[in-house]
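This report examines a single protein model together with its ligands. The sequence and the coordinates are shown below.

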Amino acid sequence: MPQLSQLSTLVKKAAREAGFDLAGIAPVHDAPELNYFHEWIAAGHAGEMKYMEARDEAGRLKRASLRHAVPWARSVIVCALNYNTAQPYSTDVNDSQRGWISRYAWGEDYHDAVMAKLRAVEQQLQQECTDKEVELQTRCYVDTGPLVERVYAKYAGVGWIGKNTCILNQKLGSWLFLGVLLTSLELEPDLPAPDRCGTCTRCIDACPTDALIAPYQLDANRCIAYLTIEKRGTIPEDIREGIGLQVFGCDICQDVCPWNRKAPATSAQEFQPRDGLLNPALDWLAEMTAEEFREKFRGSAVRRTKHGGLRRNAAIAIGNSSDARFLPSLHRLSEDEDPVVAESARWAKEKLERT
Ligand code: SF4
Ligand code: SF4
């Protein structure tokens with residue numbers, strides 16, 4: 001049987017060859033950060049994201065105990081892929097007629113790209129174990145696994161969990177997609193990444209909706225990323241102004257992070273912005289037809305908010321633009337057949353008329 005440390009080395013080499021920027025190994029254990037996950041769910045901070053609350057037959061939160069959800073798993077291989085592109089940050093642009101789509105959603109949907117690379121790592125590990133007659137079970141996940149990825153990313157040494165709740169790597173910053181490969185092998189674990197946030201509070205101070213209710217604690221109900229992507233129906237009125245010009249996700253707490261100041265850019269073609277998605281025109285999004293939405297966002301993460309969701313978000317952003325040139329567009333949208341879009345447009349129209 002090969003040394004487990006040899007297999008650990010092989011796995012990391014395979015991850016690099018597959019195109020990942022970082023890879024590390026975490027043991028399966030009940031990390032203290034997972035206790036907070038229970039409190040977070042109990043406090044209702046997950047909003048309407050019911051999948052976060054999935055429980056097993058014994059009533060345990062699946063994401064809080066990998067030991068129970070996948071009893072054969074002994075190690076978690078966490079791989080990270082840099083998606084930063086050489087483009088400005090949202091905090092550097094200021095055009096009242098244009099909105100902001102989160103950086104991660106400018107190019108192709110990352111799920112397929114990350115999964116393909118994970119499969120390549122899995123295949124190499126399986127080959128090695130077959131050759132050496134080592135029994136092995138594996139499973140790959142991109143976002144959908146019964147685990148809180150960032151907690152395992154920390155224990156795999158990929159990065160620390162910042163006060164903005166994102167994984168931060170000292171060299172690469174936080175523009176990272178994570179993929180995990182569970183294995184039945186007790187691979188040699190890496191050391192957890194030390195917290196380098198120090199006394200900084202820039203992300204907390206910059207969050208326009210006060211979603212970072214305390215360091216390392218996010219209330220999704222107040223987070224623009226949740227509100228513009230996951231939340232269905234109308235967005236509560238009292239938070240609409242704070243959404244500003246964001247139309248899909250929000251990058252602010254990462255844009256202001258000092259560790260992202262010199263984050264390297266990837267040349268990967270699949271993450272470069274599609275035409276029109278970097279700082280998109282608000283009236284184009286708000287008045288987009290269903291067909292154009294399907295066409296423009298085929299194979300894009302933006303599909304998650306759906307056609308009506310994107311138009312709702314664009315109408316709210318228009319309301320925050322203080323730009324009266326949008327009034328004719330809002331007039332049309334106020335009569336939209338989608339009642340959520342129409343209501344958001346009426347709110348926006350009233351707001352613009354007041355300014
Ligand atoms: S993504 Fe935006 S709204 Fe959410 S915590 Fe960060 S800055 Fe606040
Ligand atoms: S902005 Fe400061 S506190 Fe927030 S994640 Fe970055 S380093 Fe940590």
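Which residues does Ser 344 touch, not counting residues up to four places away in sequence? The answer is given under the second heading, after the conventions.

## Basis of the model

The model is predicted: local features need pLDDT of at least 70 and side-chain atom pairs count only at pLDDT 80 or more, while totals for chains, interfaces and linings use all residues. Residues are numbered from 1 along each chain as its sequence is written, chains are lettered from A and ligands numbered from 1 in the order in which they are written, and side-chain values use heavy atoms, with hydrogens and water left out.

## Helix H14 and Ser 344

Ser 344 touches Arg 240, Arg 312, Ala 315 and Ile 316, not counting residues up to four places away in sequence; contact means heavy atoms within 4.5 Å. Ser 344 belongs to helix H14, where helices (H or I, at least four residues) and strands (E, at least two) are DSSP runs numbered from the N terminus. Ser 344 counts as buried because its relative accessibility is 0%. Buried means under 20% relative accessible area, exposed over 50%, and partly exposed in between (1.4 Å probe, protein chains only).

Helix H14 covers residues 339-354, and its 16 residues should span 22 Å at 1.5 Å a residue, in agreement with the 23 Å between its end C-alpha atoms; the expected span is 1.5 Å times one less than the number of residues. The buried residues of H14 are Val 341, Ala 342, Ser 344, Ala 345, Trp 347, Ala 348, Lys 351 and Leu 352. They pack against helix H8 (237-243), helix H12 (306-319) and helix H13 (327-333). An α-helix has 3.6 residues a turn, so residues three or four places apart point the same way. At the N-terminal end, Asp 338 caps H14, with a side-chain oxygen 2.9 Å from the backbone nitrogen of Val 340.

## Nonpolar cores

The largest nonpolar core has 83 residues, of which Val 76, Val 78, Val 158 and Leu 182 touch the most other members. H12 gives the most to this core, with 6 residues. A nonpolar core is a set of buried Ala, Val, Leu, Ile, Met, Phe, Trp, Tyr and Cys residues joined through side-chain atoms within 4.5 Å.

A second, separate core of 30 residues includes Val 114, Val 134, Leu 181 and Leu 185. Not counting residues up to four places away in sequence, Val 76 touches Gly 24, Ile 25, Ala 26, Val 28, Leu 66, Leu 147, Tyr 152, Val 180, Leu 181 and Leu 182.

## Ligand surroundings

Ligand 1 is surrounded by Cys 207, Thr 209, Ala 211, Leu 212, Leu 218, Cys 223, Ile 224, Cys 250, Ile 252 and Cys 253; a residue is near a molecule if one of its heavy atoms lies within 4 Å of it. By class, this shell has 9 nonpolar residues, 1 polar and no charged. Here Ala, Val, Leu, Ile, Met, Phe, Trp, Tyr, Cys and Pro count as nonpolar, Asp, Glu, Lys and Arg as charged, and the others, Gly among them, as polar.

Around ligand 2 are Gly 162, Lys 163, Asn 164, Leu 168, Cys 197, Cys 200, Arg 202, Cys 203, Cys 257, Pro 258 and Trp 259. Its shell divides into 7 nonpolar, 2 polar and 2 charged residues.

## Polar side chains at buried sites

Ser 174 is placed in the loop between strand E6 (167-168) and strand E7 (176-183), and it counts as buried because its relative accessibility is 4%. Its side chain makes a polar contact with the side chain of Gln 254 (2.6 Å). A polar contact is a pair of N or O atoms within 3.5 Å; within protein, one must be able to donate a hydrogen and the other to accept it, and residues adjacent in sequence count only if both atoms are side-chain atoms. Ser 174 also touches Cys 166, Ile 167, Leu 168 and Asn 260, among others, not counting residues up to four places away in sequence.

Glu 128 lies in helix H4 (residues 110-131) and is buried, with a relative accessible area of 18%. The side chain of Glu 128 makes a polar contact with the side chain of Lys 132 (2.6 Å). Glu 128 touches Leu 7 and Leu 10, not counting residues up to four places away in sequence.

## Positive phi in loops

Asp 210, a residue other than glycine, has a positive phi near 55°. Asp 210 is in the loop between helix H6 (202-206) and strand E8 (212-214), and is exposed at 52% relative accessibility.

Asn 279 likewise is not a glycine and has a positive phi of about 60°. Asn 279 is in the loop between helix H9 (252-255) and helix H10 (282-286), and is buried, with a relative accessible area of 14%.
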